[in-house]
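Walk through this structure with me, one packing feature at a time. We begin with a pair of helices, then turn to a sheet and a pocket.

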Amino acid sequence: MAHVTVAKYIDHQPLYRQESILGRAGFAVPRSTQAEWIGAIGVQLAPLVQAMREDLLGRRVLHADETPVAMLKPGLGKTHRAYLWSYCTTVWDDIDAVVFDFAESRAGRHARRFLGIEEDGSGGWRGTLICDDYSGYKQAMAAGVTEAGCMAHARRKFHELWANHSSTLAEQALKLIATLYDIEREIKDLSPDERLHIRRLRARPAADLLHAWLMAHRQKLPDGSATAKAMDYSLKRWVALTRYIDDGELSIDNNRVENLIRPIALGRKNWLFAGSLRAGQRAAAIMSLLHTARLNGHDPYEYLKDVLERLPTQRDSRLRELLPYCWTPDSAA
């Protein structure tokens, strides 16, 4: 069961392909049986994922992103676009964890639900969320979550202009942004207080220079041009984009969670779609545990096999021992 699950969600092997592979090895395991296994595993792992979610919501800073996944519409035989929302700790946190949350749409209510924010905006998480400019997160910001922007998104817009149109203005913008990233590479291994000090000393003047440059050149460009749009993205989000300068625990961009989502994009090309909302949620639970295990340097198969063997008899008081960032290969009771 662990092998089939890891092969699907880590090695991107759909069940019909695994049925053929296992058949050649002399094991008759129909894809329907494999699907039942995975569904049951998703249910069993749910308490662990909930514990991971609680750990994430105990953090002051989180990354967030979302990616589309096809979901089968019940009774119609057609698919529609659902979304896998992703939340993870920062690279400087004391735990490495990512939790995926499958939802039937990209509506902002799904982010609020994960963060525990009520419909009236009360309750829930009140930390700093590093994310892109997607409007779905704005409802969480309105409820009191602090927004930190992604400089990589701002940079990407200029890079496209430079790569596709050899824009000299875009090239200048890239050089100014590169100064900010050069500073981050130098200070990535320092303490939060040391990062904060150096950012205020060196990154703030560099950011101010970039802002002044954007303002000066934007006035010369017609509205609607590609270069104007790239500049407007940065100018309109300037406070969020530079919030990291005054907080040593924030990253300059959202690349960490985007890198964690990237394997999902490869996987969905192979397993094609989620059969239902429930199936998508179970898959999200499994991927949360497996990808967090790999993030912590564990072999996903060894981790999942051990967890499936121990979980039925594991006491609630010792459930945390099975979380990927608490688990060790020799931790079996």
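In this predicted model, helix H3 (residues 31–56) and helix H13 (residues 300–310) have axes that come within 11 Å and cross at roughly 90 degrees. Angles of 65 to 115 degrees count as roughly perpendicular, so H3 and H13 are roughly perpendicular to each other. H3 brings Ile41, Gln44, Leu45 and Leu48 to the contact. H13 answers with Tyr303, Leu304, Val307 and Leu308. By class, the contact of H3 with H13 holds seven nonpolar residues, one polar residue and no charged ones.

Now the sheet. Strands of a sheet pair through backbone hydrogen bonds, either parallel or antiparallel. Here the sheet is open, has five strands and runs in the order E3-E2-E1-E4-E5. Its pairing is mixed. Which strands stand at the edges? They are E3 (98–103) and E5 (146–148). Each has a single partner strand, so one side of each is left without a neighbour in the sheet. From one strand to the next, the twist averages 30 degrees.

Look at the E5 end. Strand E4 (residues 128–130) pairs with E5 in the parallel sense, over three bridges. Leu129 has Glu147 of E5 as its bridge partner.

H3 touches strand E1 (61–72), strand E2 (79–88) and E3. The direction of H3 makes about 110 degrees with that of E3. Helix H12 (residues 277–295) also packs on the sheet, touching E1, E2 and E3. The direction of H12 makes about 170 degrees with that of E3.

Next, the empty space. Rolling a probe the size of a water molecule over the atoms shows where empty space is left. The second largest pocket has a volume of about 430 Å³. How many residues line the second largest pocket? The lining has 21, and Val49, Phe100, Asp101, Arg113 and Gln281 lie nearest the centre. H3, E3, helix H4 (108–115) and H12 each give two or more residues to this lining. The largest share, six residues, comes from H3. Sorted by class, the lining of the second largest pocket has 11 nonpolar, four polar and six charged residues.

How values were computed. Residues are numbered from 1 along each chain as its sequence is written. This is a predicted model: local features need pLDDT of at least 70, side-chain atom pairs count only at pLDDT 80 or more; totals for chains, interfaces and linings use all residues. Side-chain values use heavy atoms; hydrogens and water are left out. Two strands pair if DSSP finds at least two bridges between them. Helices (H or I, at least four residues) and strands (E, at least two) are DSSP runs, numbered from the N terminus. Axes are lines fitted to C-alpha atoms, for helices over the stretch in contact, and angles run from 0 to 180 degrees between N-to-C directions. Contact means heavy atoms within 4.5 Å. On a 1 Å grid over the protein atoms alone, a cavity is a set of points where a 1.4 Å probe fits but cannot get out, and a pocket is an open set with protein on both sides within 12 Å along at least five of seven lines; lining residues have an atom within 4 Å of a point. Grid points are joined across faces, edges and corners, and a volume is the space filled by probe spheres set on the points. Ala, Val, Leu, Ile, Met, Phe, Trp, Tyr, Cys and Pro count as nonpolar, Asp, Glu, Lys and Arg as charged, and the others, Gly among them, as polar. Angles under 35 degrees count as roughly parallel, over 145 as roughly antiparallel, 65 to 115 as roughly perpendicular and the rest as oblique.
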